[in-house]
Amino acid sequence: MIRFILGRIAYLVPTLIGITIVAFGFVRVLPGDPVLLMAGERGMSPERYAEVSRQLGFDRSLPEQYLDYVWRLLHGDLGTSLVTKKPVLAEFLALFPATVELALCAILLAALIGVPAGVLAAIKRGSWFDQITMGTALVGYSMPIFWWGLLLIIFFSGMLGWTPVSGRISLLYFFPPVTGFMLIDSLLSGQKGAFASAASHLILPTIVLATIPLAVIARQTRSAMLEVLGEDYVRTARAKGLPPRRVVGMHALRNALIPVVTTIGLQIGVLMAGAILTETIFSWPGIGKWMVESISRRDYPVVQGGLLLIAVIVMVVNLLVDLLYGLINPRIRHR
Amino acid sequence: MRLPAFVTTSIIALASAAAFAAPAAAKTLIYCSEGSPEGFDPAAYTSGTTFDASSRPVFNRLVEFKDGTTEVEPALAESYEISDDGLTYTFKLRPGVKFHTTDYFTPTRDLNADDVIFSFERQGDANNPWNQYIPGLTFEYYNSMEMASSIKSIEKVDDLTVRFTLNEPNAPFLANLAMDFASIQSKEYADALDQAGTKENLNSAPVGTGPFKFVAYQKDAVIRFAKNADYWGTPAKVDDLVFAITTDAAVRLQKLQAGECHIMPYPAPADIEALKADQNLTVMEQPGLNVAYLAYNTDVAPFDKPEVRKALNMAMNKQAIVDAVFQGMGQVAKNPIPPTMWSYNDAVQDEAYDPEAAKAALEAAGVTNLSMKIWAMPVQRPYMPNARRVAEMMQEDLGKVGVNAEIVSYEWGEYLKKSMEPGRDGAVILGWTGDNGDPDNFLSVLLSCAAAEDGGANRAFWCNEEFSNLLEQAKQTSDQAERTKLYEQAQVIFKDQAPWATIGHSTVVMPMSKKVTGYVMSPLGSHAFDTVDVAE
């Protein structure tokens with residue numbers, strides 16, 4: 001087991017090196033120059049351009065800049081934002097809890113609804129429930145997030161007034177962040193109504209971010225269940241006269257869960273991508289919104305650092321999912 | 001099916017709990033701002049979003065723009081004197097002005113000349129220990145307003161008197177001092193940060209003399225300010241000022257309508273009708289201090305001939321373009337400066353839309369089968385809601401007089417760069433928003449010979465000696481009546497030579513809750529809230 005984990009971690013190293021090259025190259029291949037963007041319509045004299053480029057370290061050759069970047073990385077320095085002049089890691093850590101909070105809620109919602117819906121649809125294959133569920137899942141999967149988010153805001157916040165439009169908590173509450181997770185911080189603050197306000201602000205963004213993973217999980221669960229339900233051991237279990245609940249719960253679901261857990265793990269990447277749009281619509285101060293703005297401002301260090309950190313997180317989550325297999329299915333043991 | 005029902009019930013329960021559980025608060029004004037500030041040191045940045053969150057609430061300047069105008073009035077300087085030769089500016093500082101007392105700093109003295117000198121020297125002197133208090137800091141406005149080459153010296157005459165000596169007379173200098181980059185910082189605070197080894201806090205925890213004190217900033221989410229009770233001017237009407245950062249215009253609109261904020265900038269043009277129809281909202285509007293234009297490359301044939309440029313201008317139906325693109329929130333431009341600016345020459349006649357005359361003029365100039373490119377910028381700017389649409393309409397109009405126009409576009413940064421490359425193929429759509437209300441800030445920056453050189457912003461590459469000399473003369477005199485005459489003449493030359501097709505001036509719109517009173521729109525596009533009150 002330990003050898004397996006170490007082996008997997010060793011795999012991460014070349015991947016990480018690849019990501020640093022891609023992230024470094026990617027932002028520089030994009031057209032646009034951060035120095036000229038700073039000057040805007042006004043323009044900048046060649047002398048001034050050279051001076052600003054020198055101050056920002058862009059006067060050196062690309063390989064030199066890359067080596068310097070890697071050298072700093074090895075020392076734990078992800079660089080400093082060209083715009084805010086703050087360390088990239090500090091900005092990331094300040095914003096990351098907001099994204100994690102939203103992503104956790106979304107994946108929980110997606111799994112809690114998606115798995116039972118998929119199981120039911122498989123058991124009642126061909127029924128109206130199956131057709132409606134899978135039809136809805138297909139619609140959900142193809143939903144343009146930006147449009148969907150705005151639609152929900154207009155309906156639930158604008159017309160019905162049930163949910164707040166955007167943000168993480170009502171602005172009337174003000175307490176310093178402790179954990180960065182608003183649900184926890186609002187409880188810690190002890191202010192009356194703060195937790196309910198934070199929770200109500202989570203509802204719409206959670207639904208929007210959960211939509212695509214929910215659809216994927218429901219469809220995956222259904223097909224995995226159908227496959228397992230046709231297996232010999234399920235037929236045997238039924239023939240033995242076990243109650244249907246036990247056949248499905250004990251024998252079928254447990255085996256069907258393996259591909260479902262893989263799917264849920266892979267959704268972390270989808271969630272990070274979805275967070276970019278969801279955070280922008282709901283003014284959610286997380287890393288998705290931060291990355292979008294940094295790309296449009298050609299804030300090289302932030303884009304490089306952000307991509308790297310997100311990639312590391314996705315890789316670690318996938319590693320954890322691999323390890324989870326063993327727990328779900330004893331046949332799979334990592335040697 | 002039980003689960004969804006349970007979920008729905010909880011959603012409603014939570015939502016209603018939140019709606020009724022808001023705590024009692026002091027009088028708070030919530031502004032749905034359009035983006036995050038880059039930092040809180042106004043000298044280090046150039047965007048209006050940053051100024052709205054730093055220089056306007058927290059800081060003051062020696063002189064400031066009078067509310068709702070571009071007129072300069074005394075602020076931290078209670079009076080000033082300009083020598084007859086226009087070379088020395090002597091400012092008498094207001095006594096007893098207090099810097100903010102905050103959780104992180106308690107001042108022991110009032111504003112004095114050291115603060116003023118510190119605020120400018122750190123920007124102009126590369127060897128000043130505060131020039132690079134954060135590595136990579138650039139003082140773009142100080143440089144682009146040519147402060148470095150204008151200012152010969154800054155001296156402290158006594159504790160409350162500062163004297164600026166210039167290298168040559170520069171009439172817009174006073175207006176420059178009213179700009180955000182010229183905000184006055186506390187030297188005492190800077191010294192304290194230096195001692196504590198936390199210099200970078202000058203950019204994250206500002207201390208100024210303004211109507212609001214900085215309280216907290218949660219990145220990309222909320223900025224909080226509190227009323228400065230010791231303010232030297234008229235104190236703010238609200239106790240707390242909160243910026244709710246909301247980047248999407250449609251979401252800002254929803255927040256305003258749902259009562260989650262009191263006032264918002266930059267609504268989408270398509271939403272303005274709906275906003276006006278909303279009984280709970282007031283929609284203020286004002287002509288913007290801006291211009292959108294199409295700049296020909298006057299170095300390249302046949303666009304080097306004024307008669308060709310004028311013929312093309314006549315071929316374009318600008319009224320139709322402005323109606324379609326600005327959707328009632330703009331007006332046709334005939335001069336390179338907007339009508340709200342002093343020295344605007346209303347006597348200038350615009351080229352009338354006349355395709356037949358345009359065709360004849362092109363033929364007379366010996367131009368047939370002309371092909372050209374029109375550059376459409378890829379982004380929305382305050383002066384231009386949709387450049388692509390403008391380019392398409394121009395293309396259609398030009399087609400009617402036998403000119404084949406091709407539309408090109410580039411990524412914004414590339415667009416800015418390539419449009420300034422000499423020998424550029426095609427005419428460029430671009431625009432400008434005024435920085436300080438001085439006509440020089442439009443005419444010299446966009447149309448002078450100096451600006452046609454590498455690194456300038458004269459995208460027509462148009463260099464007319466007579467025009468440039470008038471601007472230079474106007475810069476050297478501080479008599480506004482005389483300057484007005486010179487700028488009026490310059491506008492006549494501009495129209496006669498037609499280096500641009502002037503497109504339009506946009507109208508700035510500011511929707512707000514009916515509860516908000518006392519808001520004054522700034523022609524310079526800034527957003528300040530010290531005069532604003534909000535009904536309970």
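Two strands pair if DSSP finds at least two bridges between them. Helices (H or I, at least four residues) and strands (E, at least two) are DSSP runs, numbered from the N terminus. The model is predicted: local features need pLDDT of at least 70, side-chain atom pairs count only at pLDDT 80 or more, and totals for chains, interfaces and linings use all residues. Residues are numbered from 1 along each chain as its sequence is written, while chains are lettered from A and ligands numbered from 1 in the order in which they are written.

**View 1. Strand S10 of chain B and its partners.** Strand S10(B) covers residues 240-244. Strand S1(B), residues 28-31, pairs with S10(B) in the parallel sense over four bridges. Here B:Leu29 has B:Leu241 as its bridge partner. Strand S9(B), residues 222-227, runs antiparallel to S10(B), and five bridges join them. B:Ile223 stands opposite B:Phe243.

**View 2. The two faces of S10(B).** In a regular strand the side chains alternate between the two faces of the sheet. A residue is buried if 20 or more other C-beta atoms, placed from the backbone, lie within 10 Å of its own. Five of the five residues of S10(B) are buried. B:Asp240, B:Val242 and B:Ala244 lie on one side. B:Leu241 and B:Phe243 lie on the other. Both faces are covered.

**View 3. An open sheet in chain B.** Four strands line up in the order S4-S5-S7-S6, with antiparallel pairing. S4(B), residues 77-82, and S6(B), residues 151-158, stand at the edges. Each has a single partner strand, so one side of each is left without a neighbour in the sheet. The twist averages 20° from one strand to the next. S5(B), residues 88-93, and S7(B), residues 161-166, pair over five bridges. Within this pair, B:Lys92 has B:Thr161 as its bridge partner. Helix H4(B), residues 113-124, lies across S5, S6 and S7 of chain B. H4(B) runs at about 165° to S6(B). Axes are lines fitted to C-alpha atoms, for helices over the stretch in contact, and angles run from 0 to 180 degrees between N-to-C directions.

**View 4. Helix H9 of chain B in its surroundings.** Seven of the nine residues of H9(B), residues 249-257, are buried, so this helix is largely enclosed by the rest of the structure. The buried residues are B:Val251, B:Arg252, B:Leu253, B:Gln254, B:Lys255, B:Leu256 and B:Gln257. They pack against H7 and H11 of chain A. They also pack against S10, S11 (281-287) and S17 (500-513) of chain B. Just after H9(B), B:Gly259 takes a positive phi of about 80°.

**View 5. Helices H10 and H11 of chain A.** The axes of H10(A), residues 232-239, and H11(A) come within 10 Å and cross at roughly 155°. The two are therefore roughly antiparallel, a term for angles over 145 degrees. A:Tyr233, A:Val234, A:Ala237 and A:Arg238 of H10(A) make the contact with A:Val247, A:His251 and A:Ala252 of H11(A). These residues divide into five nonpolar, one polar and one charged.

**View 6. Where chain A meets chain B.** 61 residues of chain A are in contact with 57 residues of chain B; contact means that C-beta atoms, placed from the backbone, lie within 7 Å. Helix H3(A) gives the largest share of the chain A side, six residues. That side divides into 32 nonpolar, 19 polar and ten charged residues. Ala, Val, Leu, Ile, Met, Phe, Trp, Tyr, Cys and Pro count as nonpolar, Asp, Glu, Lys and Arg as charged, and the others, Gly among them, as polar.

Methods
Two residues are in contact if their C-beta atoms, placed from the backbone, lie within 7 Å. A residue is buried if 20 or more other C-beta atoms lie within 10 Å of its own, exposed if 12 or fewer, and partly exposed in between; C-beta atoms are placed from the backbone. Angles under 35 degrees count as roughly parallel, over 145 as roughly antiparallel, 65 to 115 as roughly perpendicular and the rest as oblique.
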